[in-house]
Structures are given as C-alpha cells and as structure tokens.
Amino acid sequence: MDKSNSEQKAVETEVPEAPAGLPAWRRALRPMLVPALAVFTGLVIGAIVIAITDATVVAAYRNFLSAPGTALSATWHSIATAYGALFQGSIGSPSEVYQGIQAYVASGDSTPLVKALWPITESLVTATPYILAGLGVALGFRCGLFNIGVEGQFFIGALCSAWVGYTFTDLPWFIHLPLAVLAGAVGGAFWGAIPGYLKAVTGAHEVVNTIMMNWIAFRLSDWLLNGPMKATGYRPITPQIESTAALPRIFPPPLRFHVGFFLALAVAALVYWLLFKTTVGFEIRAVGANPDAARYAGVNITWNFVLAMVLSGALAGLAGATQVLGTDHWVGQGFSAGYGFDAIALALLGKSHPLGVVIAGVLFGTLRSGATRMQSMAGIPIDIISIIQALVIIFVAAPAIIRWVYRIRMPRAEEIVLTRGWGS
Amino acid sequence: MTTTTAQIARPVSMSRSRWMGILFLAIGLAIFLLFGRALEPGLQAKFGLNPGYASQAIHIPDLVLPVQSTIYVLALLILFLGGWQLARGFRSSDAVLGVVALFFVVAFLTWAARGKSFNLVGMLGSSLVRATPIALAALCGVMSERCGVVNIAIEGIMLSSALAAVVAGTVTHNLYIGLLVAMLTGGLLAAVHAVLSISLKVDQIVSGTAINIFAAGATSFIAARFLEKNIDKLNNSGTFPILPIPLLSKIPLLGPILFENGLIVYLTLILAVLIHFMLFYTPWGLHTRAVGEHPRAADTLGINVYLVRYVNVILGGMVAGVGGAYFTIGSVGRFDEIMTAGKGFIGLAAMIFGKWNPFGAFASSLIFGFADSLQIKLQILRVPIPSEFLLMAPYVVTMIVLAGVVGRAIPPAADGQPYEKQ
C-alpha cells in the first residue's frame, strides 16, 4: 500500500504544470480548449458539407457572379435550417418552456409544457447510454486497450436485460430491477472478457477481435430476435419488459426521461474513484502507461488486460441495460443507433477522464437527438453526425491541426499512449 | 504473478505439442460422435467436379463417396495423427494441424452432403471470388505494415471506394473509369491516414478508426441524400463480365476455378505476385522492409523514411481501392450502406495469419473466402443449423486464426511506431 502510494505521487508529478501567472479559472479551462475547438471546427465543416450537398445552394452558386447575394443567402438559409432544426430538436425553445409553465399553472393543462420539455429530456435520454458506453471505451484506453466492441457488448447487455425483464413476472421491483440491470452488465462483461482473455493469453490484438465479436453479436441478436426471444407477432422484437424491471421515469408520459441518467452519473463517479483512488485502478493505469515498467513493478499484466476488458464490457452492457429498461422497454433490430462507435469519439473527446466523458456524452446526446429532428425537418441524413464525430476524433487526436488553424501556442501536453501494435 | 504476455504467448514447446496431440484426438472423436453416428450404410455423397453452368472446361465424371466409410477413414486417420503426435511428435505440428483441419472439413462436407449432390468446383470457385476483397485488404495491410504503419482504415477505404466506383462507373458508363476512380479514392483516404499517422504522429489506430467512422458516415450520408432518389442515374453500374482465358479455362477442375473469372479476381492474382516481387526483389522493397524494421538505421543509410512510408501507404490504399471496387462493380453493380461488413478487418487477420507476406496473406484469404462460401452452400444444403450461425463462420474463423498464430507470427519491428527524425 505504501509503495503504490509513493508511485502514485510519482505519476502525478509528471503531469506538466500549467504556466504560472494565469488565473485559476483559465488554468482549469485550459484542458478543454482543444476539445471545444475540435467540436466547433467539426460543426463548421459539417455546415460546409450540408451546404455543398444542397442542390439549391449549388444552383445559386452557378450564378454567383451575377447574383452573389442570392448564393450567400441560399447558403445561409440551408445551414440555418439544418442547424436551427438541430438546436430545436435538442434543446427546444426557452420561451415555449416558460409559456408551458404558465399554461400549466393557469389551467392545469400540461400538454404545452410536455411538448416544450420533450427535446431537452430526449437529449438527456440519448446521453445516458452515451455516458456509460463512453466510460467503457475510456476505461479500456486507460489500460492501453482499444475496445471497439462496445457496440456488440451494448447489444448483448441489452438482450440479457430484456430477457430478465420479460421472463420473470412476479418479482417485486426492488429485486427485479437490480437483477435486470445486473444482467446487462454481466452480459456485456462476458462479451468483453473473450477478446480480453484472447489478448492476454495469445496476444491476439483486441481491435480485430472486438470487431469480430461485434459482427457475431449482430448475427446472434438477429437469430434471437427471430427465434427464441421473439414476441408474438411478425416483427422481430422481444416482448415488452415487465413494469417491475423498468427504470422509473421522472416525468409523466410521453416524456421518457428516466433515472438511468442519474445512474450513469453515479457510475461515472464510481469509475473515477476506481481509476484514481484505488490500487486496482492504479494498476490498470500503470499497465496502460507502460506495460513493461508495470510488469517490472510486479503488476500482473494478463489479469489487468482481462479485468479492464471485463469492466469496459460491463459498462457497455450497462449502457444497453439503461436503453432497454429505461427508454425502449424492448429490443428490436437496429436497436442501437451506433452508440458503441460514437462512444469511441466521445471517450477521446473526454480525454478518457470520467468527467470529460460525462460532458462529451451530454454533448453527443444533444447532437444525436437534434439530428433526428434535423433529418425529418431539413432532410439532412442523420449520418452527418458520424462525419462530424470522425472529424472531432481527428482534431482531438491531432491537436497540431487545431493549434495551426487557430494559431494557439501551447506547451506539448503529456500524451496518453492509447494503443500499441499487434505484438504487445 | 510475474508471468508475462510474451511467456504466455510462446508456451514451452513440450506442452504445446502435447496439447496439439490432445486436440487432434478430440477432433477425431468429434467426427465419430457428430458425423459418424446414425448413418445408413449405403448412403452416398456426390461431389460435382464440373461447374454448374455451361463452361468451356472438359467434362469429367463426378466424385461419389460412400459416406460412412469416408467419415470413419478420415476419423481414424486423425486419431492416428493425434496418437503419433503424442507418442513421437511431428517436426512441424502446424502443418499437421492444417492436414487435420482439412480432413475435418472433408468429413463435415461428406456428412452435410449425404444422400445429396454438392458442387465442389462451384464452391471452390466462389471461395476464390469471395476471398478477393479480403486478399486485396490483406495486401494493402502488408504494404503499409511492412514499412511500419498500422492501417486499420482499410475497412473505411474499401467502403468509400466501393461507392466511388459505382457512381463513377454509372455516370461515365465505363467500368474501367469506375475502377480508376476507386483506386484514386483509396489512395486519397490512405493519404489522409498517412498525413495523420506519419507527419502528425497521431496514434495510428485512432487515425484509422476516425477514417472508418468518417467513411461509414460519409457513404451513408451520400447514399441517403443522392443515391436513393437516382438509382438509375448514379447507382446502377453493371459489373465486369466473366472473362474466360483461352485454353487455360479448358483444364478440368482448375480451369473453371481459376480461369473463368472477372477482371478484379485476375487483378488480385497479379497484384499478389507483383507486391511479392516488389517487396523482396527490388531496392524499393528492401528500403520498405528496412524502414519497417529499423527506421533509424534506414535513415542513417540515407533512406528517406517519410517518403517510403507515404508512398507505400498510398499505394496500399489504391490496392484496397480495387478491393472496394470489387464490392460494387465487381459483384453486384450497386452500393448498399455498410456493405463491406468487416471484410477489411478480416483482411488484416489474413495478413497476420500470412505472416506479413503477400503470398501468405493471399493464401490465408482463401481460407476466409472458403469459410464465407461454405456458409452459403450449407444454407442451400439445408444443414440443420440456423443461417445466422453460419453467417458467423468467417468472424469465428478469424478469431480462432488470430488466437492460434499471433504471438508466434512476428510483425515488422517498427510496426505502429511513428518515426521522429533527429
């Protein structure tokens, strides 16, 4: 215990001090500068993509020399419609909320209020699996493992939760709900343990294996949803879960905001505690920082690889559990809107730190939820979000681009080694 | 507590060879128990040795095997090999493992085709065709990893060039232009990976993942925004025709498998030879391998490390671009979202299994192609296994292969490490 404490101090002193003389708030915000600019730049490029793929904008630019005003206003209109819909779909309008509250107080009619609260609560509903899945990827990164299999672990976790949720019919909620949540975590952990074990024992790289596990999970869920877990009817979906297994919702229906969001925040705090305040977490980070040094110090590399993948998979499975127990109440094909893949982007954006992941998760939940509205209102395919996310990953991973674009001078920050080649 | 991954990955040879023997015995017994039971003695399995379509090949009689005795003989042979392995040990147990796996597959096919007929030539032919994109992905991987750049962006590169090929081919009504545009797209995305990972020293796996996510998003975005409404104008290119090679295609068995294919399959065979020649018989190849093993030493000798890496990664991207073109203008003639379905990653597994050698990578792609075409044939034969499980076969095979060889296959020493000039 004594030894690990002193090592912990040694690691902490390596973190470069922010330049002295800056006010405290600027020093605190400094690590957020590059991620914030990365998101901003991603949105700007997304706007450009939206404009140049819009036929009316392109047509307006054909006459740019004779009527430049038309071209510019068409561009502005195209982008404003899209991002306006994005904003309305994700945050909603404050004045509507105010009017909704007034109407509710005056007449007891909650319809306008519910309508006004729908966008922001949906954003938080979408943020819930994002935070948990992002924590999963981040925990893997801390151990030097790149878990691309979060999508598959999410599916398996959701299926396990759904199964517990609809199979047991007469359990009290205080047993049924924890059991269903636990089943999701265990399912995800199992799915993550396989590539972790293979990595530890045979050296097979987790990137390829987790992707293979994703495809196996998709095929397995196809089979389960068309066979053993299929509800009566022709659609390939599971039966509805029992109400005793559902995560309680905070507001009356149709608002879907549920306690899963607070569960996610609690789990984030737990992950922070585990990673930075316990010996287990210290060993995981030591393996991630330098496996050779960790091995020399007597850390069991094999065990930590497996443990990190199990925990990472459990977090991904929890994400699936909240989605099925809180939001959807059943599992169908295409159940995940790519949460597992987006989680990679947000773990990088959050610098693999639980707090960063929470912030990034809420941001991505907002974007994704607004993009659904953007698709229906402005006809912009929701895949634009993936493009923006890929750009954000690139900008966060290559801060040199951001520094060059915005002419920021910055000391070279300590860079976490995320992954290694095939052999290690 | 002090066991290391290296030690675990390379188990002591004694115990490994013993495990191998036990594995062989288990496989032999499994054949008895799974396939050998409850067979009527007179049952036969017919293997077609002629392609199912009108072909130029000389017709030869089909192979008819008695099911029960074939399975028993194969099982006994495997048991004998297992016993020999335990008692005396083979010098190269990997080769024997290959033989055992082959026997197992033959026994399985005989069991699956019992009382029916099964077109063997057709299946081997489709194995080659299905191995094509995997082989091209693997060749792309070989080119960039031999010079020390891990490229997991292959999946995204193939997806993008699949889209580029079909759009260019449909618009110009010329599939060759489609192929060219696919190669350029592949080269362009690989160049992005090169800038990020070589110049900006971004973690190569992160860079590759970003490109994969970008490609998935961008192709789906374009498909949803443009292709769905204009299928005939943008997304209906037709495919390369089958080009039988004169004379060679007349050879029985080999002719229909190897010499009655589309352009991209031939191109793959040529590229495998070409890349092998380039890597091992030219000064450029020597430079490439030197940079992949020890960039500092190569730099000292006056080799431009960055140039070698850039050129190899971009050329590799063009090879993967051909692989992408296979998905659309090489096989179905239109683009579907996420149609590569992990083939790029399976290609990486083939590269590792092939020990970073062009020929090895090609040969192991054939195994994955075989697994892929086997699952389709088995669905046709109505084997009592749900089709979803058969669809898992290529992915499961990939994991088994990786688990079996990695740790013993040695990657280029500088693989995945950015080079910083001093």
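Modeller: Let us begin with helix 8 of chain B, residues 204-227, whose 24 residues should span 34 Å at 1.5 Å a residue, and since its end C-alpha atoms are 32 Å apart, the two values agree. The expected span is 1.5 Å times one less than the number of residues, and helices are DSSP runs (H or I, at least four residues; strands are E, at least two), numbered from the N terminus. Helix 8 of chain B is mostly covered, as 21 of its 24 residues are buried, where buried stands for 20 or more other C-beta atoms within 10 Å of a residue's own, exposed for 12 or fewer, and partly exposed for what lies in between, with C-beta atoms placed from the backbone.

This is a predicted model, in which local features need pLDDT of at least 70 and side-chain atom pairs count only at pLDDT 80 or more, while totals for chains, interfaces and linings use all residues. Residues are numbered from 1 along each chain as its sequence is written, and chains are lettered from A, and ligands numbered from 1, in the order in which they are written.

Staying with chain B, the axes of helix 6 (residues 154-172) and helix 15 (residues 343-353) come within 7 Å and cross at roughly 135°, the axes being lines fitted to C-alpha atoms, for helices over the stretch in contact, with angles from 0 to 180 degrees between N-to-C directions. That makes helix 6 of chain B oblique to helix 15 of chain B, because angles under 35 degrees count as roughly parallel, over 145 as roughly antiparallel, 65 to 115 as roughly perpendicular and the rest as oblique. In this contact (C-beta atoms within 7 Å), Ile154(B), Glu155(B) and Met158(B) of helix 6 meet Lys343(B), Gly344(B), Phe345(B), Gly347(B) and Leu348(B) of helix 15. By class, the contact of these two helices has four nonpolar, two polar and two charged residues; Ala, Val, Leu, Ile, Met, Phe, Trp, Tyr, Cys and Pro count as nonpolar, Asp, Glu, Lys and Arg as charged, and the others, Gly among them, as polar.

Between the chains, 49 residues of chain A are in contact with 48 residues of chain B. On the side of chain A that touches chain B, helix 10 of chain A gives the most, with eleven residues, and the residues of that side divide into 30 nonpolar, 14 polar and five charged.

Within chain A, the axes of helix 3 (residues 33-52) and helix 17 come within 8 Å and cross at roughly 140°, and these two helices are therefore oblique to each other. Their contact divides into 15 nonpolar, three polar and no charged residues.

Terms used:
Two residues are in contact if their C-beta atoms, placed from the backbone, lie within 7 Å.
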